[in-house]
Amino acid sequence: MDLSIAELLKTIVLGVVEGLTEWLPVSSTGHMILVDEFIRLNVSKAFMDMFLVVIQLGAILAVVVLSFDKLNPFSPWKSRQEKRDTVSLWGKVLVACVPAAAIGLLFNKYMEEHFMTAPVVASTLILYGVLFILVENYNRNRRPRVGDLAALDYKTAFIIGMFQVLALVPGTSRSGATILGGILFGTSRYVAAEFTFFLAIPVMFGASLLKIVKFGLNFTGTEIVIMVVGMVTAFLVSILSIKFLLSYIKTNDFKAFGWYRIALGILVIAYLFLVGDPTANN
């Protein structure tokens, strides 16, 4: 396959969508499935299935770059206690990864075969949109028990990890599910979002590695270019997306994202009735 300017532009658009939606609680996988209906890369289905996961590596690298000092336990500028706190943070991240890793390994293939559809995405977009509004209303007069990432205990970290399991269903939003879990169990919005970002690092690296191994390492030159362009675009857009969200939630709640999810879900349902299921033949 020759790599045309059109294919590169499509890849850039997919990278932009990934970079924007990976961190905002609106479901990156759901958006990528829907966008794929209108912007189709001229690649095999096996490569596209792998690409939609591996492109997330670019987004993950944005977290690593923005929070490198906070995540680095060997920083010479940290005190001994700060280094211990960083090691503890990684411990909490790994504990929180256990539920999704265990359930994902068991049911990932089943989920891909039965839940990667537009009707499922529409339903989960609306369901979790409603939940965001309800949780924010419930949380309105509550004072967060955990206002700083260092105060997050292992039990709460594990509970947040349990919520991440919900994101195995497309349209849920991994960040959305874990942020909801964090807020419900006493963290501030900022702590829930920040821990969610860190939690994505091992989860997405692991998922990407599994996809690459499953696909094989026999990439064509064109496929390599598409992956690199997609990941670089996702990385650059993710830098802006992460900075925006962390700034936004200092003075705002997540209701706007809830209403956005509901509106998008309704639009998808309308599209299904008027045009048909874009994923029916995938």
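**Entry 1: glycine 104**

I began with glycine 104 and found its place in helix 6, which covers residues 80–115. The model I am reading is a predicted one.

**Entry 2: the whole chain**

Next I noted the secondary structure of the protein chain, which comes to twelve helices and zero strands. Read from the N terminus on, the elements run α-α-α-α-α-α-α-α-α-α-α-α. The radius of gyration is 19 Å, close to the 19 Å that the globule rule gives for 282 residues, so the protein chain is as compact as a globular protein of that length. I took down the span of the C-alpha trace along its principal axes as about 55 × 45 × 35 Å.

I looked up burial for the protein chain too: buried residues make up 51% of the 282 residues. The accessible surface comes to about 13700 Å². Carbon and sulfur atoms account for 68% of that surface. For contacts between residues at least 6 apart in sequence, I noted that 82% join residues at least 24 apart.

**Entry 3: helix 2**

How many residues of helix 2 are buried? I find eight of its eleven residues buried, so to speak of helix 2 (residues 28–38) as mostly covered is in order. The buried ones are Ser28, Gly30, His31, Met32, Ile33, Leu34, Val35 and Asp36. I then checked what covers these buried residues, and the cover includes helix 1, helix 3 (45–54), helix 4 (56–66), helix 7 (118–139) and helix 12 (255–274).

**Entry 4: helix 1 and helix 11**

Last, I followed helix 1 (residues 5–21) to helix 11 (residues 221–248). Their axes come within 7 Å and cross at roughly 35°. The crossing of helix 1 past helix 11 is right-handed. Which residues make the contact? From helix 1 I listed Leu8, Thr11, Ile12, Gly15, Val16, Glu18, Gly19 and Leu20. From helix 11 I listed Val225, Ile226, Val229, Gly230, Thr233, Ala234, Val237, Ser238 and Ser241. I sorted the residues of this contact by kind: nine are nonpolar, seven polar and one charged.

Note on methods: Residues are numbered from 1 along each chain as its sequence is written. This is a predicted model: local features need pLDDT of at least 70, side-chain atom pairs count only at pLDDT 80 or more; totals for chains, interfaces and linings use all residues. Side-chain values use heavy atoms; hydrogens and water are left out. Axes are lines fitted to C-alpha atoms, for helices over the stretch in contact, and angles run from 0 to 180 degrees between N-to-C directions. Helices (H or I, at least four residues) and strands (E, at least two) are DSSP runs, numbered from the N terminus. A crossing is left-handed if the near helix is turned anticlockwise from the far one by less than a right angle, and right-handed if clockwise. Contact means heavy atoms within 4.5 Å. Ala, Val, Leu, Ile, Met, Phe, Trp, Tyr, Cys and Pro count as nonpolar, Asp, Glu, Lys and Arg as charged, and the others, Gly among them, as polar. The radius of gyration is taken over C-alpha atoms; the globule rule is 2.2 Å times the number of residues to the power 0.38. Buried means under 20% relative accessible area, exposed over 50%, partly exposed in between (1.4 Å probe, protein chains only). Accessible areas come from the Shrake-Rupley method with a 1.4 Å probe; for residues, only the protein chains shown count as cover.
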